[in-house]
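Here are a few notes to read alongside the model. Take them one at a time, with the structure open next to you.

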Amino acid sequence: MNHQSLVIDFRVFYSDSLFHYGHNVVNLLCGQDAKKKQKILYKCQELQLDFNPFVCFHEGALEREATAFLKRLAHMYESY
């Protein structure tokens with residue numbers, strides 16, 4: 001099995017706050033994901049690390065990359 005180092009940066013936020021009031025859930029998740037990538041991705045690439053932002057609401061809604069990561073993780077461990 002090929003092993004690589006992975007950095008996972010979690011962000012769980014409260015969607016019902018006044019700051020997020022009236023915004024589309026999908027747009028909020030994508031915006032938070034973009035902020036994580038902008039902040040951390042470049043440094044991880046310098047260090048040759050894989051990076052996965054994990055963004056979700058407190059209610060359980062996941063951003064697309066968080067969902068894909070969980071599917072990969074489940075697939076990897078189903079063979080154990």
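1. Buried residues (under 20% relative accessible area with a 1.4 Å probe, protein chains only; exposed is over 50%, partly exposed in between) account for 28% of the 80 residues in the protein chain. Keep in mind that this is a predicted model, where local features need pLDDT of at least 70, side-chain atom pairs count only at pLDDT 80 or more, and totals for chains, interfaces and linings use all residues. Residues are numbered from 1 along each chain as its sequence is written, and side-chain values use heavy atoms, leaving out hydrogens and water.

2. Now the layout: you'll find 2 helices and 2 strands in the protein chain, running β-α-β-α along the sequence. Both kinds of element are DSSP runs numbered from the N terminus (helices: H or I, at least four residues; strands: E, at least two).

3. How far can you trust it? pLDDT is the predictor's confidence in each residue, from 0 to 100. The protein chain averages 80, and 85% of the residues score at least 70. Helix H2 (residues 64-77) has the highest mean, 88, while helix H1 (residues 25-46) has the lowest, 81.

4. On to contacts (heavy atoms within 4.5 Å). Counting those in the protein chain between residues at least 6 apart in sequence, 62% link residues at least 24 apart.
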